[in-house]
Protein chains: 2
Amino acid sequence: MYRTHTCGELRKEQAGQQVTLAGWADAIRTQGKVGFVLLRDRYGITQCFIPKELAETVKLAELRKESVLQITGTVNVRPENQVRKEMLTGEIEVKAASLVVLSAAEPLPLELGDPSTTEETRMKHRFLDLRTERMQQNLLLRHRITKAMRDYLDKNHFLEIETPMLAKSTPEGARDYLVPSRVHHGTFYALPQSPQLFKQLLMIGGYDRYCQIVKCFRDEDLRADRQPEFTQLDIEMSFVEEEDVMAMMEGLIAHVFKEVKGVEITLPLPRMTYADAMKKYGNDRPDLRKEWKTEWALLWVVDFPMFERNEEEGRWQAMHHPFTQPKAEHLGLLKTGDLAKVHARAYDMVLNGSEIGGGSIRNHTLELQNAIFDALSMSKDDYEEKFGFLLSALSYGAPPHGGLAFGLDRLAALMTGSESIRDVIAFPKNKEAKDLMLDAPSAVDKRQLDELGLALKK
Amino acid sequence: MYRTHTCGELRKEQAGQQVTLAGWADAIRTQGKVGFVLLRDRYGITQCFIPKELAETVKLAELRKESVLQITGTVNVRPENQVRKEMLTGEIEVKAASLVVLSAAEPLPLELGDPSTTEETRMKHRFLDLRTERMQQNLLLRHRITKAMRDYLDKNHFLEIETPMLAKSTPEGARDYLVPSRVHHGTFYALPQSPQLFKQLLMIGGYDRYCQIVKCFRDEDLRADRQPEFTQLDIEMSFVEEEDVMAMMEGLIAHVFKEVKGVEITLPLPRMTYADAMKKYGNDRPDLRKEWKTEWALLWVVDFPMFERNEEEGRWQAMHHPFTQPKAEHLGLLKTGDLAKVHARAYDMVLNGSEIGGGSIRNHTLELQNAIFDALSMSKDDYEEKFGFLLSALSYGAPPHGGLAFGLDRLAALMTGSESIRDVIAFPKNKEAKDLMLDAPSAVDKRQLDELGLALKK
């Protein structure tokens, strides 16, 4: 036991007690022959007075900031006029009787929290950057978001079920990250772009309500604020229509805001059609904070087109994904090829001008799913090879189902007021998809490539 | 809204109500011109009576088992002597007024729950195998285990923090799964074998108490009951010694057993030294159920050797891992090279003859960590290249810290009485590391390899 209390815990109620604290030296000051140490941990900061004799014994003046210290002493109440109200422990001071250096710090390569430090330096020494109050508050809040999500979902009978990371490459939309197989040379797993098909299979398997906070992977060129690996809260429900999913999900977000920020969100959330959003705001994720005079502008955008034109490749593609169900009244248009007019049973949740979640009702019959693949001019061989297992599953009794995925990094960034999702990820990658602290990706031994049956192209 | 109640919900209190149920046809029986459907979902089974006229209209005799049906009707209470006590809904029966086929099932390629079905067939059609009561109970219990873990850890101030999946290859012990970088040809990420170094960095970053339920990856030949990807509950704590970690962790497991199985575990858990276990039982994970006459035999094994001889490679290696701290009284032996006698500050938790968790106090100073690398005859260049970021972090103020990782798959298998961890994983791989349902790993387009700067070796 290295401590009796944390550095955020002592109050005047502990006056006169002997306590032991442990933490980082946030600041070390000497005043003549006595000294002060501000001892810091995740929970707060406590001021410790170091009397003359102890200061000499431990050579206080030579101790460096960010060293890890253990201090035992007595809790003294400060005079009323010296209470430091900005500190949780501002009522007291610990008069040290002993001080042990648990781990001495070398001079730091950066000043914690200094805004002039480049992001490259911060990322290279991420373990130091993580000590800033900003990062600690961000990751604490992110934890509270996921805890609130899981509590709400558990109470509503969702099961959290893990889906594979080593999955199958189905090149479609974004690029897959591949993982070569050592056992079967020339074959590859792919890291999942999302658990979309797995969650549909879980519905077909009868799990009724599924959730998972899960890593997803897309090998894209990292424009703007993207990461090669990112986190979704992934949701799927059986025997539902749009209204069921949307009611459950806006309830979830309202619960998270209440638990984490103490903010009451009025439900049901307002809705806007895609057409109205594009017409009035020029995009499908309008920021309505000014208009509504509110700090948090949450709404649904609904009634999306099912298809969009990929002009580069001269073909139609699914706007959401090809497992989305078209509106029943537009099914006839699939056959006449009037794809621009087909609307989807899809919905996005928008917060302060960012899409934080998107989902849809899925195709739960083989007829519907094949009609979409046909409309996209995918050859039967092609979609049988890629999605044969899904088509097979749909032929053995699939419930109507639908769901949604929230972008957890984005949601956490918005709720913490962070500019970048890198500020709510403990160990993010930079815009070149590098981890500067680990120095990853990096070269590997030739032996490793040999074992995989791979060679680097010259 | 497809249903008013689940198939496990109706009781005699709902007598006379009109209800709508939706689920799978678990059985369809005809008796003369009337019929019965047992409608099943995750929550239970409800018997529905199909009167003559409706049975004819929907051609009940032609409907296949496992089709997904929606049935609206009236709740009738069964006579006392016809109550089916083995069913949650055995007090009632629903007299159907309408029946809609939501999704018709083709004849199934296997009989659900038939013990004669080969594992290959079950895995190929995993979405059907997942419908068995056994799999549904297993995944429900697994969900309850992780929920109980997170509740306990949250209450004890642990933060769940995500660590990267795209990390750095540090070939050591098991083989890494590699992920080629498209942006930086010739370089690779590695999927993490565990978040060991990340969690130590989080302690150095001041997070004090960390937890994560996280996927880990080892490219091993799959002897016995292993999976290429597996799940750990990963834990790390700052300012702790063995007693602190062990008390917190046995409290966690006791909480899980209480919440999930209603079983009271007596704390503190018994302890046995590695030497005693080897001497008395011939292994370091003794099964003490018979001896203790109990269903659940939980204990700690402690006082492990720090090093073990790798006879194949003719060198010493860390028994746990090289970040484990040796016992203080054995530090001198590191220098004299008497490695066989050095003991580690490590501990394993054993349940019914299986190791379910293992951990240690870590090296929190550069001196300690370098002493271990030196003892292992690792060259300074080698460990600087692999672990430079950790050594750097240790020089800027690291708290004493330690932790543990539980094997979640194994724990869930034991708690559900499953023979294999494949029975507590929704989409497992077989012993050849293949997903038979997805057909993964699989060949990829040449274009994908070109983009990665890779070629298959002939």
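Is A:N283 buried, partly exposed or exposed? In this predicted model, A:N283 counts as partly exposed, because its relative accessibility is 24%, which lies between the limits of 20% for buried and 50% for exposed residues. The residue belongs to the loop between α7 (274–281) and α8 (289–292) of chain A. Leaving aside neighbours within four places in sequence, A:N283 is in contact with A:A277 and A:M278. A:G353 stands 70 residues from A:N283 in sequence, and the two C-alpha atoms are 9.3 Å apart in space.

**Chain A and its relation to chain B**

Chain A comprises 458 residues, of which 61% count as buried. Its secondary structure consists of 13 helices and 18 strands. Taken along the principal axes, the box filled by the C-alpha atoms of chain A is roughly 90 × 60 × 40 Å. Among the contacts in chain A with a separation of 6 or more, 65% are accounted for by residues 24 or more positions apart.

Two copies of a chain are related by a rotation about an axis and a shift along it. The same surface serves both copies, since 100% of the contact residues of chain A recur in chain B.

**The nonpolar core**

In soluble globular proteins, nonpolar side chains tend to be buried together. The largest nonpolar core of this model has 130 residues, and those touching the most other members are A:L191, A:L202, A:F307, B:L191, B:L202 and B:F307. The surroundings of B:L191 include residues of both chains: not counting residues up to four places away in sequence, B:L191 touches A:L166, A:V179 and A:L191, together with B:M165, B:L166, B:D176, B:Y177, B:V179 and B:F217.

The structure holds nine cavities of 30 Å³ or more. The largest contribution, four residues, is that of α4(B).

Helix α4 of chain A also contains A:T146. This residue counts as buried because its relative accessibility is 6%, under the limit of 20%. Not counting residues up to four places away in sequence, A:T146 touches A:I213 and A:L408.

In chain B, helix α12 is largely enclosed by the rest of the structure, because seven of its nine residues are buried. The buried residues are B:L408, B:D409, B:L411, B:A412, B:A413, B:L414 and B:M415. B:G417 follows α12(B) and has a positive phi, near 65°.

**Backbone features in loops**

Most residues other than glycine have a negative phi, and most peptide bonds are trans.

| Residue | Phi |
|---|---|
| A:F239 | near 55° |
| A:S377 | near 55° |

Both residues are placed in loops of chain A: A:F239 lies between β10 (229–238) and α6 (242–261), and A:S377 lies between α10 (366–375) and α11 (380–394). Their surroundings are as follows. A:F239 is buried, because its relative accessible area is 2%, whereas A:S377 is exposed, because its relative accessible area is 66%.

Two cis peptide bonds occur in chain B, and a proline takes part in each. One joins B:L267 and B:P268, with omega about -5°; B:P268 is found in the loop between α6 (242–261) and β11 (271–273). The other runs from B:A440 to B:P441, with omega near 0°. B:P441 is found in the loop between α12 (408–416) and α13 (446–452) of chain B.

Technical notes: Residues numbered from 1 in each chain as written. Chains lettered and ligands numbered in written order. Predicted model: local features only at pLDDT ≥ 70, side-chain atom pairs only at ≥ 80, totals over all residues. Heavy atoms only, no water. Helix = DSSP H or I, 4+ residues; strand = E, 2+ residues; numbered from the N terminus. Buried < 20%, exposed > 50% of the residue type's maximum accessible area, 1.4 Å probe, protein only. Core = buried A, V, L, I, M, F, W, Y, C linked by side-chain atoms within 4.5 Å. Contact = heavy atoms within 4.5 Å. 1 Å grid on protein atoms, 1.4 Å probe; cavity = no way out; pocket = protein on both sides within 12 Å on 5 of 7 lines; lining within 4 Å. Points joined across faces, edges and corners; volume = space filled by probe spheres on them.
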